[in-house]
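Subject: Structure for your use

Hello,

Here is the structure I said I would pass on. My notes on what was found in it follow below.

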Amino acid sequence: MKHRKIWICFGLVAALFCGCTKISNETSSSTSENNNTISYCAKEESAENRIYFHYPQLEETTENAEKVNVQITSFVQDEIQNWFNGAFSGEMKASPEEWVWDNDVYTDCAMKVEYTIVRNDADYFSVTFDGLYNHKRTPHPTNYFQALTIDKHTGEFISMSDLYTVNSDLVQLIQEKIPEQFAEKYGETSEEITQAAEYVQNALNEDDMRDDEYSIFMTEKELGISISLIYALGDHFEVMIPYEELEAFKK
């Protein structure tokens, strides 16, 4: 499962956001209990690291629960090992942890991630992961965001190209949504925000989208596409497209 990170050109951003503070990312990150799910936490509490990565598992009575749960667990394990360079040595299925962020209790890195189930019906299980990662040798923390969607009938991950025919018209549809949603998210329509939104529009790549380089999630009424940004813009941005506008591209 691939996850594309789009980084706004640092020269451009320096010009646009010189002297600006980070724009807060307000995406909900509360753990969601949704009928047939159970919450777990991948946890490490060592002198070096504090890791609390919450994730859901389907109850055994759910169709393909075992396969779906293996997919979710593998995804979480891979994410943690990627962020901690393979050094995670904690417990994968610990109980949920209400950790209050404290930079004095670890020497190297900390990560706290919550999840939100955005769709859980007979066909799809879709979840977003939202949190914070901090390394003490970097100038600022990173807002973490990832998403996954699983077909409950097959137990397999769902990608953009599984659902829709990716072409220039689809890319244009997504690009057209960005300026308005950018302004709504950041609460302003300044020249800097407008220019940053235009850069993100231009950075969207049809080939990368066809190759499933962007993580997606599904709500009841919309498809979400996650785009990684720089720290000044909150590190990530999710473009939301109503399903009815995607009908022409549906496979």
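Helices (H or I, at least four residues) and strands (E, at least two) are taken as DSSP runs and numbered from the N terminus. On that basis the protein has 6 helices and 10 strands. Please keep in mind that this is a predicted model.

Overall figures: of the 251 residues in the protein, 52% are buried. The accessible surface comes to about 12,100 Å², and carbon and sulfur atoms account for 46% of that. Taking contacts between residues at least 6 apart in sequence, 66% join residues at least 24 apart.

Seven strands make up an open sheet with mixed pairing, in the order 3-1-2-4-5-6-7. The edges are held by strand 3 (91-94) and strand 7 (156-157); each has a single partner strand, so one side of each has no neighbour in the sheet. Helix 2 (residues 65-83) packs on this sheet and touches strands 1 (37-45), 2 (49-58), 3, 4, 5, 6 (142-151) and 7. The direction of helix 2 makes about 165 degrees with that of strand 2.

Within the sheet, strand 4 (residues 109-120) and strand 5 (residues 124-135) are paired in the antiparallel sense, over 11 bridges. As for individual partners, Val113 has Gly131 in strand 5 as its bridge partner.

Aromatic rings

The search of the whole structure gave 11 aromatic pairs. One of them is Phe145 with Phe217, an edge-to-face pair at 6.1 Å centre to centre with 65 degrees between the planes. Phe145 belongs to strand 6 and Phe217 to strand 8 (residues 216-218), so this pair ties together parts that are 72 residues apart in sequence. With a cut-off of under 20% relative accessible area for buried, Phe145 is buried at 8%. Phe217 also counts as buried, at 6% relative accessibility.

There is also an aromatic cluster, formed by Phe53, Phe75, Trp83, Phe84, Phe129, Tyr133 and Tyr144.

Charges over rings

Two lysines are placed over tyrosine rings. The charged end of Lys93 sits over the ring of Tyr40, at 4.5 Å from its centre. Lys136 lies over the face of Tyr106, and here the distance from the ring centre is 4.7 Å.

Regards

Conventions:
Residues are numbered from 1 along each chain as its sequence is written. This is a predicted model: local features need pLDDT of at least 70, side-chain atom pairs count only at pLDDT 80 or more; totals for chains, interfaces and linings use all residues. Side-chain values use heavy atoms; hydrogens and water are left out. Two strands pair if DSSP finds at least two bridges between them. Contact means heavy atoms within 4.5 Å. Axes are lines fitted to C-alpha atoms, for helices over the stretch in contact, and angles run from 0 to 180 degrees between N-to-C directions. Rings of Phe, Tyr and Trp (its six-membered ring) pair if their centres lie within 6.5 Å; planes under 30 degrees apart count as stacked, over 60 as edge-to-face and the rest as tilted. Buried means under 20% relative accessible area, exposed over 50%, partly exposed in between (1.4 Å probe, protein chains only). A charge sits over a ring if NZ of Lys or CZ of Arg is within 6 Å of the ring centre and within 35 degrees of the ring normal. Accessible areas come from the Shrake-Rupley method with a 1.4 Å probe; for residues, only the protein chains shown count as cover.
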